[in-house]
Amino acid sequence: MLRATTTPAADKFQIWMTQTWLTLGAAVLAAGFLQAGAHAAARANFTSAHGTKPLALALEPVAPPANGEKVLAWQGKDVDGDGAADFVNPTGQAPRTHDAYGFGAFGASRDGGARQHEGVDFIAQAGQPVAAPISGYVTKVGMAYADDKHLKFVEITNPAISYVARVFYIDPSVAEGDVVRLGQDIGAAHGLQARYPGGMTDHVHLELMGPDRQRMDATAVLTERYVTRFGA
């Protein structure tokens, strides 16, 4: 009787122990796989963040610097040695070159060679402001031609530097006796098409006289150069 009752119990216990060890083994094996996967993932993340291979960076494109505009500028000569310019281009533009009526440079031929041009013609747009080429007193406002009351000139005398300037073909905004400073607006450029139809370039005629009271080339005291201007 004893052998009959103990043998089944021993068999059941053995079966239970076997199942228990199998279950524990499977759990340990699964845990090992999970831990290995976690370590692999950690190593992968570390390498991507701190590895020797540099990461690609998405940078904002840098716009190239805007190209500056080349503009013509004029530098007036300092004749009294005070460190400041004593002359200004009355229109800020280049001298008139050749057109249907000849050249606008100082000394250019006039009247078929009978005389020479006594000033420098600086290109202008009709109606644009005209600047005083020197500081001084307005010593005369007159007509460029006796038969044309529309074309006038302004004469400015500067006794400090002994220069006299005459600015032709303007509608004056100053009067005789006025004191004007260098670069001040003294009037507006007058169009020349009515007087010189068929190809005369609108301009302001500048006559300049030095201490010897002889007419001289204004470009001797007004130097042109190109500068780069940025911005709108």
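Arg215 has a relative accessible area of 31% and is therefore partly exposed, a class lying between buried (under 20% relative accessible area) and exposed (over 50%), as computed with a 1.4 Å probe on protein chains only. This is a predicted model, in which local features need pLDDT of at least 70 and side-chain atom pairs count only at pLDDT 80 or more, while totals for chains, interfaces and linings use all residues. Residues are numbered from 1 along each chain as its sequence is written, and side-chain values use heavy atoms, with hydrogens and water left out.

The partner of Arg215 is Glu207, with which Arg215 forms a salt bridge whose closest N and O atoms are 2.8 Å apart. The term denotes a side-chain nitrogen of Lys or Arg within 4 Å of a carboxyl oxygen of Asp or Glu. Side chains of opposite charge can pair when their charged atoms come close. Glu207 counts as buried because its relative accessibility is 8%.

The structure holds nine salt bridges. One of them joins Asp147 to Arg195, with an N to O distance of 3.0 Å. Asp147 lies in the loop between strand 6 (136-145) and strand 7 (148-158), and Arg195 in the loop between strand 10 (185-189) and strand 11 (203-209), so the pair ties together parts that are 48 residues apart in sequence. Strands here are DSSP runs of E with at least two residues, numbered from the N terminus. Asp147 is exposed, its relative accessible area being 61%, whereas Arg195, at 29% relative accessibility, is partly exposed.

A further salt bridge links Arg115 and Asp111, whose closest N and O atoms are 2.7 Å apart. Arg115 is partly exposed at 43% relative accessibility, while Asp111 reaches 55% and so counts as exposed. Salt bridges also form a network, which links Arg96, Asp99, Arg110 and Asp121.

Attention now turns to Val79. This residue lies in the loop between strand 1 (69-76) and strand 2 (109-110). Val79 counts as partly exposed because its relative accessibility is 31%. Leaving aside residues up to four places away in sequence, Val79 touches Asp86, Phe87, Ile161 and Tyr163, where contact means heavy atoms within 4.5 Å. The C-alpha atoms of Val79 and Val221 are separated by 8.6 Å, although these two residues are 142 residues apart along the chain.

Note on methods
Helices (H or I, at least four residues) and strands (E, at least two) are DSSP runs, numbered from the N terminus.
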